[in-house]
Amino acid sequence: MSFFSVQGLCAGYAGRRVLQDVSFTLEPGCLTGVLGANGSGKTTLLKAVGGILPHAGRCTLQGAALEGLSPRRLAAVCGYIPQRSGIGIDISALDVVLMGFNPALGLLERPSAAMRARAAAALAEVGLGGREQENYLHLSEGQKQLCILARTLAAPRRLLLLDEPESALDFHHRYRMLALLRGWVRGGERAALAALHDPALALNGCDRLLVLADGGVRAVLDPARNALPVLQAQLAALYGRISLHRLRGADGREQLVMLKEEDPA
């Protein structure tokens with residue numbers, strides 16, 4: 001039995017089908033990036049899996065169908081990070097992170113001291129230590145994104161769904177964010193599915209890549225193990241004429257570099 005599986009998922013908007021018969025599996029400890037052209041269904045996939053968008057098909061986490069869970073129980077096992085948080089009120093960064101514990105709290109129950117300590121630790125983990133009482137609305141867009149990431153990492157969930165979590169982050173913080181996610185998935189029976197805009201980040205930060213095209217899964221790639229011609233052929237279908245190269249950096253670690261080639265005149 002797979003840790004997490006999607007079988008025959010179909011979803012769309014206002015009668016327009018975006019995804020048709022999507023199936024794939026995730027293993028524990030795996031950070032999977034989702035790549036695709038604009039409109040390929042990356043956000044649709046995450047919203048369907050997360051129970052935000054009605055869909056056909058079945059999403060199963062450790063043998064339990066997510067479609068059969070109450071919203072509260074689903075939020076306890078599956079965390080979703082949208083491109084924009086939607087928070088528009090004055091609230092401290094710490095209180096934003098504490099929202100992640102809401103599924104575990106009863107009506108009018110306040111977060112425990114242990115929850116507050118874990119929330120503060122999560123803020124420090126993403127680089128926002130010492131800013132617990134700062135107004136969330138006064139943070140930069142990148143800092144807001146890191147704060148929402150801290151909220152998701154703080155609570156005990158088993159599956160994370162992230163919609164372009166790198167979009168407002170600079171180069172350094174993009175790779176730090178993926179390193180945090182890799183550490184999180186390796187910390188127990190966990191997996192993460194992240195729609196990414198930056199293919200170079202996905203190639204060097206993810207264990208697997210799910211390539212969406214034409215309403216379905218075009219390919220599932222393993223950047224560390226697949227031959228360059230295989231990776232290049234699949235990514236060229238999304239990004240046009242490219243070349244991929246494995247280079248070794250100054251730290252001795254191998255990196256995949258994607259270069260855009262000029263179209264012939």
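A search of the whole of this predicted model finds 1 cavity of 30 Å³ or more. The structure also contains an open sheet of 6 strands and an open sheet of 4 strands.

**The cavity**

- The volume of the largest cavity is about 40 Å³.
- Its lining consists of Ile81, Gln145, Leu146, Leu149, Leu162, Pro165, Leu169 and Met177.
- Helix α5 (residues 141-154) makes the greatest contribution to this lining, with 3 residues.
- Sorted by class, the lining of the largest cavity comprises 7 nonpolar residues, 1 polar residue and no charged residues.

**The six-stranded sheet**

- The strand order is β6-β7-β8-β3-β9-β10, and the pairing is mixed.
- The edges are formed by β6 (78-81) and β10, each of which pairs on one side only.
- From one strand to the next, the twist averages 20°.
- Helix α6 (residues 171-185) packs on this sheet, where it touches β3, β7 and β8, and its direction makes about 135° with that of β3.

**Strand β9 and its neighbours**

- Strand β9 (residues 208-213) is largely enclosed by the rest of the structure, because 5 of its 6 residues are buried.
- On one side, β9 runs parallel to strand β3 (residues 30-35), to which it is joined by 4 bridges; Leu35 has Val211 of β9 as its bridge partner.
- β9 also pairs with strand β10 (residues 216-221), here in the antiparallel sense and over 5 bridges.

**The four-stranded sheet**

- The strands follow the order β2-β1-β4-β5, with antiparallel pairing.
- Since β2 (16-26) and β5 (64-65) stand at the edges with a single partner strand each, one side of each is left without a neighbour in the sheet.
- Strand β1 (residues 4-13) pairs with strand β4 (residues 56-61) in the antiparallel sense over 5 bridges, and Val6 stands opposite Cys59 of β4.

**The largest pocket**

- The largest pocket holds about 510 Å³ of space.
- Its lining has 20 residues, of which Leu203, Asn204, Gly205, Glu254 and Gln255 lie nearest the centre.
- Two or more lining residues come from each of α6, α7 (199-205) and β12 (254-260).
- The lining of the largest pocket divides into 7 nonpolar, 4 polar and 9 charged residues.

**The second largest pocket**

- The second largest pocket holds about 280 Å³ of space.
- Its lining has 15 residues, and those nearest the centre are Ala75, Cys78, Gly79, Tyr80 and Arg157.
- The elements α2 (71-77), β6 and α5 each give two or more residues to this lining.
- The lining of the second largest pocket divides into 8 nonpolar, 5 polar and 2 charged residues.

Key
Residues numbered from 1 in each chain as written. Predicted model: local features only at pLDDT ≥ 70, side-chain atom pairs only at ≥ 80, totals over all residues. Heavy atoms only, no water. Buried < 20%, exposed > 50% of the residue type's maximum accessible area, 1.4 Å probe, protein only. Pairing = 2+ DSSP bridges. Axes fitted to C-alpha atoms, helices over the stretch in contact; angles between N-to-C directions. Contact = heavy atoms within 4.5 Å. 1 Å grid on protein atoms, 1.4 Å probe; cavity = no way out; pocket = protein on both sides within 12 Å on 5 of 7 lines; lining within 4 Å. Points joined across faces, edges and corners; volume = space filled by probe spheres on them. Nonpolar A, V, L, I, M, F, W, Y, C, P; charged D, E, K, R; others polar.
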